[in-house]
Amino acid sequence: MSRCHYIYTEDGLKVFVPGCMGCAVHGPGKAYCTCRSSRKSDESKRNKELKKQLNETEKELDQAYRTIRKLVNKKRI
Ligand SMILES: [Zn+2]
């Protein structure tokens with residue numbers, strides 16, 4: 001699929017040619033355009049890193065909760 005672009009007809013009319021689903025559905029607009037694939041892959045790479053970080057944080061949090069629970073249980077006994 002090519003990027004969104006404009007073409008000029010023989011009559012000199014500017015016609016928008018959508019290159020992505022966002023612009024195909026909503027029309028021309030930066031907010032909907034997902035054509036800049038390099039930027040998109042950068043974002044998905046960052047998303048992956050963030051997900052990994054989130055997973056690690058969740059694990060740490062889980063361990064912390066377990067430790068706290070153990071301590072609380074010990075105190076009760
Ligand atoms: Zn687009």
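## Ground rules and confidence

Residue numbers start from 1 along each chain, following the sequence as written. Because this is a predicted model, local features need pLDDT of at least 70 and side-chain atom pairs count only at pLDDT 80 or more, while totals for chains, interfaces and linings use all residues.

As for pLDDT (the predictor's confidence in each residue, from 0 to 100), the protein averages 86, with 90% of its residues at 70 or more.

## Overall layout

Two helices and two strands make up the secondary structure, counting DSSP runs numbered from the N terminus (H or I of at least four residues for helices, E of at least two for strands). Along the sequence they come in the order β-β-α-α.

The cut-offs are 20 or more other C-beta atoms within 10 Å of a residue's own for buried, 12 or fewer for exposed, and partly exposed in between, with C-beta atoms placed from the backbone. Taking contacts as C-beta atoms, placed from the backbone, within 7 Å, 11% of those with a separation of 6 or more link residues 24 or more positions apart.

## The hairpin

S1 (residues 5-8) and S2 (residues 14-17) run antiparallel, joined by four bridges; pairing takes at least two bridges found by DSSP. Ile 7 has Val 15 as its bridge partner in S2, and Tyr 8 sits opposite Lys 14 in S2.

Five residues lie between the two strands of this hairpin, and Gly 12 in the turn has a positive phi of about 85 degrees.

## Around Cys 23

Which helix holds Cys 23? That would be H1, residues 21-26. Cys 23 counts as buried because it has 21 C-beta neighbours inside 10 Å.

Leaving out residues up to four places away in sequence, Cys 23 touches Cys 4, Pro 18, Pro 28, Gly 29, Tyr 32 and Cys 33. Arg 3 is 20 residues from Cys 23 along the chain, and their C-alpha atoms are 10.0 Å apart.

Methods. Contact = placed C-beta atoms within 7 Å.
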